[in-house]
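Please have a look at the structure first, and then we can go through it together.

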Number of protein chains: 2
Amino acid sequence: MNEKKKKISIYDIAAVLGVSGSTVSRALQNHPAISEKVREQVQRTAREMNYKPNALAVNLKRGYSKTIGVVVPYINRNFFSSAIEGIEEIANKVGYDVLICQSNEQHEKERKILHSLSQGKVDGVIASIAYETNDYTHFNNLAEDRIPLVLFDRVSDEVKAGTVRGNDYQGAYRVVEYLFSVGCKRIFHYAGFQHVTVWRDRYRGWLDALQACGITPGADWVRTGGITQDAGVAFAREILQGKALPDAIFSTSDWVALGILLELMRNGVKVPEEVAIFGYANEPFDELITPSLSSVDQFSKRMGCAAARMLIDKLNGENPEDVIIEPELIFRDSTRVSGMLSV
Amino acid sequence: MNEKKKKISIYDIAAVLGVSGSTVSRALQNHPAISEKVREQVQRTAREMNYKPNALAVNLKRGYSKTIGVVVPYINRNFFSSAIEGIEEIANKVGYDVLICQSNEQHEKERKILHSLSQGKVDGVIASIAYETNDYTHFNNLAEDRIPLVLFDRVSDEVKAGTVRGNDYQGAYRVVEYLFSVGCKRIFHYAGFQHVTVWRDRYRGWLDALQACGITPGADWVRTGGITQDAGVAFAREILQGKALPDAIFSTSDWVALGILLELMRNGVKVPEEVAIFGYANEPFDELITPSLSSVDQFSKRMGCAAARMLIDKLNGENPEDVIIEPELIFRDSTRVSGMLSV
DNA sequence: ATGAAAGCGCTAACAT
DNA sequence: ATGTTAGCGCTTTCAT
């Protein structure tokens, strides 16, 4: 009973069958130039000996890893985990593994991750940029190692990469249009940091739509910052201290919207009667809270699928075009203001 | 302008410096037997040439991958994504990458994943078993490839592995004790499939606690099944069709509890006044819904940390002991019934 | 149809 | 202190 069984290789199979290693290798790959008989023998023996190819060796030899690296700020934001679901689905279908990494929104961690991934661990990278990142060298460096890159959602003009993004400008624009259509005039905005494309685009959509409605926002109508629930609470407090309440608040993030909503209500402000609230991302909790939160669905899983398909195309030497996904407004109770149209 | 730059290896550095490959290799690893001068020269040149070691080659040579495989049913359940956060934190700290895979609760997908991982891709595996899985050969097979295994939360007696789990029996027991203490007698239970340890343990905790309170549950007090929101809706409908409402429902899952809660309220049943509801897992939405949902916190991130530490100990040849984490009851509005004690 | 041999990029005895 | 050499397990010319 020698329990010290070594990992078995093609040569162990070869030895048992009295053939060469190459024959085993070929038989295992169903190479056409191998006789039916030998092929079957080899495959049966391999199974019996519980042979498993060593992926490391295969990949080293072939020069690729059949693995896609995914770098996101957090995996437990629904937006990102849904996107990852989409990426996995597509990637697995064509034989790729998916290596998932979290930057925790930190520039430095993101840099380290990319450095590590570019040591031959992955053939390509799909990423969504951390918001602390303000220098994009680590992304652009991937090109030196011939690692194709696809960015989704959090993209940057300073990075040369394929992109998959929502039409954030449009989404924001339509939110404002809608709010205006139901009688809101003082439409505030929580904006997210402006070096991040998606947040800047939404900010611009908000601004342009307001102006198209003939409204000039006051200086205190907008605030930029991180996208946490706490940030929303802080914004709500500022608002409560202002002279007049807004008619509506459009937040670039559902989490911020949640903080705003809770803090306003905690202070006796009625939502949506006094202040309507519109979020962005359509997190699952949106329909669970009271009042339920209007938001913009970005089709995150579809984004993930598109990003994966794009990367795979790139890996196959093609030159896929950037993808823009139109968002969809989801109307819920937090904007069911009086005078509104039926939806 | 020759853009066709090849991936550079230690031999390219060696050639430039007129030394041997081994010298470069050693210099890069700060091997003590390398002169200060050469070491610095090599490291500088490596940096200048933008050299990156090929992880595949290193790992093939060393016989390990410095990667931990994580297999969970879904990554976008907060419980799992938090656990993964913990795993990553610990693993990265000691130089391991984390390869995350989703079984989607499917036996077959789980089997394929483990097969793929055992081709030298990972040094060890941390998993939480899919609930469709009823045969555990694929887990037990890992031992043949000398891949240590740690199971967390969803464990099984039929799998030989280190385990990290919550004290589910206790958690359930205390929930029932509490409900009884605030006057509930007819305490129903939504139980999850009974071949899954955690759900069986909670079922038993429920049963034993009831009996300790001198209560014998009716045959229709309990139902087993999947843990989706829809399952909760279905259970609520059954209950509504029964002759008498329960005083309380203890659900083994927050998602099921959510379905129950919404469906009951949709039908005019007051929660918690008529029926109190207690969930399990302490999902973030618990405190966002109305009424907020009482639940049991399992300290998922801590579980992930413990699992990672355990696996790493195993990889280091140690024999770590199983970990049991005591859960904590979180009391919210869904059980704030009349006659209750102050909490 | 099969085998011999080179080599993917690196590490680590074993020299010297 | 540094070089030589033999692999890690596999694929793939190039022979035969």
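Here are my notes, point by point.

1. **Reading the model.** This is a predicted model, in which local features need pLDDT of at least 70 and side-chain atom pairs count only at pLDDT 80 or more, while totals for chains, interfaces and linings use all residues. Residues are numbered from 1 along each chain as its sequence is written, and chains are lettered from A and ligands numbered from 1 in the order in which they are written.

2. **Overall form of chain A.** You will find twelve helices and twelve strands in chain A (DSSP runs numbered from the N terminus: H or I of at least four residues for helices, E of at least two for strands). Chain A is more spread out than a compact globule, because its radius of gyration is 26 Å, well over the 20 Å that the globule rule gives for 343 residues (the radius is taken over C-alpha atoms, and the rule is 2.2 Å times the number of residues to the power 0.38). The C-alpha trace spans about 90 × 40 × 35 Å along its principal axes.

3. **Domains.** Chain A is assigned domain 1 (10–53), domain 2 (65–166 + 300–325) and domain 3 (168–298 + 329–335); such bounds come from an automatic or database domain assignment. Taken over C-alpha atoms, the centres of domain 1 and domain 2 of chain A are 38 Å apart.

4. **A closer look at Ser22(A).** Ser22(A) sits in helix α2 of chain A. Is Ser22(A) buried or exposed? Ser22(A) is exposed, because 12 other C-beta atoms lie within 10 Å (exposed means 12 or fewer, buried 20 or more and partly exposed in between, with C-beta atoms placed from the backbone).

5. **Where the chains meet.** In this pairing, 32 residues of chain B are in contact with 32 residues of chain A (C-beta atoms, placed from the backbone, within 7 Å). On the side of chain B that touches chain A, α5(B) gives the most, with six residues.

Notes
Two residues are in contact if their C-beta atoms, placed from the backbone, lie within 7 Å.
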